[in-house]
Amino acid sequence: MSEFPKMHPAKMGIMGLQHMFAMFGATVLVPLITGLSVQVTLIGVGVGTLIFHFFAKGKVPAFLGSSFAFMAGIQLITNPNDGLFAGTGLAQADKLAYATGAILVSGLLYLVLAGVVKLVGTEKFMKAVPVIVTAPTVMLIGLMLAPWAIQQASTQLPLAIVTLVIIIAALAWGKGMIKVIPILLGLVGAYIVALIMHFGFDITATNRAGTEIVPLLDFARIQGENIVGLPSFMAPRFDLMAILIMAPFALATIAEHIGDMVALSSITGKDYTKEPGLVRTLIGDGLATTFSGAIGGPASTTYGENVGVVALTKVYNPRVVQVAAVFATVLAFSPMFAAVIYTIPEAIIGGASFMLYGMIAAVGIRNMVDAKVDMGKSKNLVIVAVMLVIGLGMRFAPVGTLTFVIGEVTVDMGRMGLAIAVIVGVILNAILPNEKDNQKA
């Protein structure tokens with residue numbers, strides 16, 4: 001017998017649609033920014049969520065959307081100007097294949113960490129990688145992405161500002177579901193404004209470099225698309241350097257995963273870190289990311305937007321989220337729908353990115369505040385300061401500044417800034433004395 005009240009199928013379907021809309025705006029934004037397939041992304045998050053629910057014994061009402069944390073890694077690998085394969089002549093599709101291969105491997109890291117958690121226990125694991133290390137990691141991800149938001153917004157700055165204003169208004173003054181889906185509202189609202197600008201006033205945009213005038217809206221891609229059709233799956237490719245660049249981003253989503261499990265436990269009154277257990281939820285989350293990478297999609301992560309829906313509606317039945325996952329998967333088999341999504345102007349994506357990237361960095365700050373981290377202590381101050389300088393300094397140093405040749409292998413350390421920052425943070429946390437220990441000495 002189910003532990004949840006019986007729900008009419010129609011009501012369950014409506015609640016499932018609500019969950020799908022809550023994740024939709026942010027989820028489709030990831031492929032729009034990175035160049036991955038919207039259809040494949042929806043299959044990745046839909047099937048990935050069902051994989052998660054299988055390993056979580058169908059007990060946790062969590063939805064897995066596409067991860068913004070990994071997006072910085074994708075850019076570091078695929079960016080045509082300073083990415084890992086810049087200047088190699090490699091096609092963009094091949095660069096994306098290497099990025100998804102690295103995502104696939106990063107998902108497997110969840111399994112390794114689940115094994116570590118199983119051996120040492122959750123409390124000891126979090127002591128080795130505490131908030132003072134994970135929070136600056138999250139901050140770095142948001143700050144590393146910031147330049148791309150500026151580039152995209154600059155293609156039609158007024159439209160980007162409209163997008164940002166709608167999102168801020170929904171967050172600040174929205175009530176109920178409005179407050180839960182600000183990104184979706186921003187995309188839809190700004191798109192309506194773009195239609196008026198395009199057809200009513202013939203307003204144009206520019207490319208990112210500002211060297212070419214382009215139409216604000218381009219509907220050519222929609223022509224000839226079928227309403228129903230198979231997604232364009234992409235086989236992953238593997239490169240050691242790409243994997244080393246991508247792997248550290250898993251640390252941020254793992255921290256996010258643990259935070260969401262704790263939040264959902266608090267909302268529902270059930271301790272999901274004990275039943276089904278953090279080990280099982282980590283495995284489910286990791287295999288969802290691995291599955292998505294295997295078919296050519298972005299990494300997955302538990303979505304705070306959907307946690308918000310659970311808190312708002314007080315409907316804790318995981319089957320509602322499973323219905324949302326099925327909806328997302330079905331929607332993925334419409335090339336026409338994906339083509340419409342691709343008509344969204346880059347400036348709108350840039351305007352939404354202003355908020356999303358900034359929120360990633362702000363979440364890192366919030367994590368430290370929630371954990372009551374004392375930044376007056378020298379140890380904490382040193383860890384955050386050194387991590388931020390290493391991560392940002394190595395990322396934005398001129399290409400080739402930190403390149404080393406070992407035998408026949410060329411290693412560009414500049415693209416591994418986040419990984420090195422995390423390693424240094426863990427080491428500093430382990431060796432630096434706590435304030436009271438320092439006073440005794």
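Tutor: Gladly! Keep in mind that this is a predicted model. Let us begin with K57, which is partly exposed, with a relative accessible area of 42%.

Student: Where does K57 lie?

Tutor: K57 belongs to the loop between α2 (38–55) and β1.

Student: Where is D202, and what is its phi?

Tutor: D202 has a positive phi of about 55°, although it is not a glycine. You will find D202 in the loop between α9 (182–201) and β2 (204–206).

Student: Is D202 buried or exposed?

Tutor: The cut-off for exposed is over 50% relative accessible area. D202 has 60%, so it counts as exposed.

Student: Which residues does the cis peptide bond join?

Tutor: In general, most peptide bonds are trans. Here, a cis bond joins E275 and P276, with omega at about 10°. P276 is found in helix α12, which covers residues 273–295.

Student: Let us turn to S67. Is S67 buried or exposed?

Tutor: Buried means under 20% relative accessible area. The value for S67 is 2%, so S67 is buried. Its place is in the loop between β1 (64–66) and α3 (71–78).

Student: Which residues does S67 touch?

Tutor: Leaving out residues up to four places away in sequence, S67 touches V30, T253, A299, S300 and T301.

Student: How far apart are P5 and V315 in sequence and in space?

Tutor: Read the two separations side by side. P5 and V315 are 310 residues apart in sequence, while their C-alpha atoms are 9.6 Å apart in space. P5 lies in the segment before α1 (9–34), and P5 is exposed, with a relative accessible area of 67%.

Student: What share of the contacts in the whole chain comes from residues 24 or more positions apart?

Tutor: Among contacts with a separation of 6 or more, such residues account for 82%.

Student: How many helices and strands are there in the chain?

Tutor: The protein chain has 19 helices and 6 strands. Its radius of gyration is 22 Å, close to the 22 Å that the globule rule gives for 441 residues, so the chain is as compact as a globular protein of that length. Buried residues make up 51% of the 441 residues.

Terms used
Residues numbered from 1 in each chain as written. Predicted model: local features only at pLDDT ≥ 70, side-chain atom pairs only at ≥ 80, totals over all residues. Heavy atoms only, no water. Helix = DSSP H or I, 4+ residues; strand = E, 2+ residues; numbered from the N terminus. Buried < 20%, exposed > 50% of the residue type's maximum accessible area, 1.4 Å probe, protein only. Contact = heavy atoms within 4.5 Å. Rg over C-alpha atoms; globule rule 2.2 N^0.38 Å.
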